[in-house]
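This report walks through one protein chain, from its overall form down to single residues. Keep the model open while reading.

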Amino acid sequence: MDFKIKLSSPHMSGDELKYIQDALDSNWVAPVGNNIICFERDLEAYLGENSHVTALSSGTAAIHLALVMAGVKEGDAVICQSLTFAASAFPILYQKAIAVFVDSEKDTWNMDPVLLEEAIQDRIAKGKKPKAIIVIHIFGMPAKMDELLQVSKKYDIPLIEDAAEALGSTYKGQKCGTFGDFGILSFNGNKMITTSGGGALICKDEKLKQKAIFLATQAKDDAIWYEHSEIGFNYRLSNISAGIGRGQMQVLDDYIERRRQTNLFYKTLFQPYDFVQVLSEPSSNFCSNYWLTCIQMESNKNNKTSLGLLKHLEENHIESKPLWKPLHLQPIFKNCLFYGKGVAEDIFKKGLCLPSGSNLTETDKAFIAEVVLEYLDACHLE
Ligand SMILES: *Cc1c(COP(=O)(O)O)cnc(C)c1O
């Protein structure tokens with residue numbers, strides 16, 4: 001399908017080429033060089049105190065390294081939010097560890113802290129304490145970090161924060177990705193900013209960052225020849241990609257503002273329809289970058305559904321997408337444990353992600369509004 005209006009597509013600032021050119025001119029085109037150092041510094045300055053950032057080839061690679069650094073090994077249990085993209089949990093399988101999924105709460109759609117504790121207690125009762133917890137800030141909405149951190153500390157289990165969708169989102173004024181023992185970011189093409197493909201691992205101190213770089217560059221021990229005493233990975237970001245990242249960092253705050261404006265646009269659009277809810281910040285403690293604006297549609301007597309709206313948008317060349325299908329319902333994870341009460345499943349069934357890119361124009365929005373209202377109007381008139 002050739003969509004005229006996309007869900008979330010790359011949006012260049014114009015300065016990327018300058019940094020790419022620097023890399024080419026200096027011949028630092030591999031995964032070493034000034035752009036990498038500067039991009040990491042930009043991210044560290046942006047994220048705030050105690051964030052030590054390693055630029056990597058993807059967000060998935062960052063989660064994998066976080067698990068390795070948290071000591072996750074074959075047969076260990078790792079707890080992960082069920083309502084997320086599969087990349088949050090695939091690295092658990094790379095480590096031959098066991099994924100244990102936990103349901104969402106209704107306020108932020110992220111991991112339910114009460115169910116997290118239940119899952120931990122049950123796993124301990126069955127003889128094995130989980131090795132790590134992966135919390136997601138889904139669609140950019142911050143999770144209930146105070147409650148989740150409290151559980152992670154109480155049971156002394158490292159918390160990995162998947163902030164792939166949440167660059168710039170804050171909880172109580174602190175940037176998402178900086179709460180956990182490790183945080184991860186993604187710079188894939190559809191995320192807040194892109195490096196054409198890339199990610200980052202956020203560590204709490206410089207020693208951990210150096211360890212991450214060591215592991216991401218094939219774990220070469222200090223010797224004249226290639227000496228290896230640990231498993232290494234080829235996970236570093238290229239210096240050319242980091243150049244794109246530097247250009248993108250200059251416009252990040254502007255892009256967040258644009259996505260927040262788009263969220264407001266949708267709230268106004270759906271306001272007269274009480275069977276449509278837009279996912280919103282539960283209180284002033286939460287500030288979402290609104291990476292994607294998501295709605296919930298209760299099918300009413302006219303049988304208007306989120307899938308119906310998706311199809312109607314598609315006929316008009318507007319892209320929308322169902323929410324992430326909960327991972328405990330995915331064939332690849334079908335044998336995994338799940339602690340929950342059907343909240344994620346219900347959110348998934350009623351949900352839809354709407355076009356939210358920072359490059360949406362006013363003309364795009366007017367057209368989206370027209371097409372959405374066309375679909376909803378029959379019930380509105382009743
Ligand atoms: C995009 C995404 C990832 C993976 O990031 P990549 O850079 O695409 O590997 C992980 N988790 C979530 C929640 C994501 O949305």
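## Overall form

A compact globule of 382 residues would have a radius of gyration near 21 Å, and the chain agrees with this, at 21 Å. The model is a predicted one. Its C-alpha trace spans about 80 × 60 × 35 Å along the principal axes. The secondary structure comes to 12 helices and 14 strands.

Of the 382 residues in the chain, 57% are buried. The chain exposes about 16500 Å². Carbon and sulfur atoms supply 52% of that area. Contacts reach across the sequence: among those between residues at least 6 apart, 73% join residues at least 24 apart.

The chain carries 39 positive and 48 negative charges.

## Two enclosed strands

Start with β1, residues 52-56. Five of its five residues are buried, so the strand is largely enclosed by the rest of the structure. In a regular strand, side chains alternate between the two faces of the sheet. In β1, His52, Thr54 and Leu56 point one way. Val53 and Ala55 point the other way. Both sets are buried.

Strand β4, residues 132-136, gives a second case. Here too, five of the five residues are buried, so β4 is largely enclosed by the rest of the structure. Ala132, Ile134 and Ile136 point one way from the strand. Ile133 and Val135 point the other way, and these are buried as well.

## How the strands pair

What does β1 pair with? Its partner is strand β9, residues 199-203, in the antiparallel sense over five bridges. Within this pair, Leu56 has Gly199 of β9 as its bridge partner.

β4 pairs with strand β2, residues 77-81, in the parallel sense. Three bridges make up this pairing. Ile79 stands opposite Ile133 in β4. β4 also runs parallel to strand β5, residues 159-162, with four bridges joining the two. There, Ile136 stands opposite Asp162 in β5.

A further group is an open sheet of three strands, in the order β7-β6-β11, with antiparallel pairing. Its edge strands are β7 (174-175) and β11 (286-287), each pairing on one side only. β6, residues 170-171, is joined to β11 by two bridges, and the two run antiparallel. Thr170 stands opposite Cys287 in β11.

| Strand pair | Sense | Bridges |
|---|---|---|
| β1 and β9 | antiparallel | five bridges |
| β2 and β4 | parallel | three bridges |
| β4 and β5 | parallel | four bridges |
| β6 and β11 | antiparallel | two bridges |

## A covered helix

Helix α8 is mostly covered, with 10 of its 11 residues buried. The buried residues include Asn239, Arg246, Gln248 and Met249. Ser241 and Ile244 are also among them. So what do the buried residues of α8 pack against? They pack against three helices: α1 (16-26), α2 (34-47) and α9 (252-270).

## Loop residues to check

Most residues other than glycine have a negative phi.

Trp109 has a positive phi of about 70°, although it is not a glycine. Trp109 lies in the loop between β3 (98-102) and α5 (113-125). Is Trp109 buried or exposed? Its relative accessible area is 4%, so Trp109 is buried.

Gln218 also has a positive phi, about 75°, and is not a glycine. Gln218 sits in the loop between α7 (206-216) and α8 (239-249). With 35% relative accessibility, Gln218 counts as partly exposed.

Glu227 belongs to the loop between α7 and α8. Glu227 is partly exposed, at a relative accessible area of 37%. Which residues does Glu227 contact, leaving aside its neighbours within four places in sequence? Glu227 is in contact with Ala219, Lys220 and Asp221.

Conventions
Residues are numbered from 1 along each chain as its sequence is written. Side-chain values use heavy atoms; hydrogens and water are left out. The radius of gyration is taken over C-alpha atoms; the globule rule is 2.2 Å times the number of residues to the power 0.38. Buried means under 20% relative accessible area, exposed over 50%, partly exposed in between (1.4 Å probe, protein chains only). Contact means heavy atoms within 4.5 Å. Accessible areas come from the Shrake-Rupley method with a 1.4 Å probe; for residues, only the protein chains shown count as cover. Lys and Arg count as positive and Asp and Glu as negative; His and the chain ends are not counted. The place of a charge is taken as NZ of Lys, CZ of Arg, CG of Asp or CD of Glu. Two strands pair if DSSP finds at least two bridges between them.
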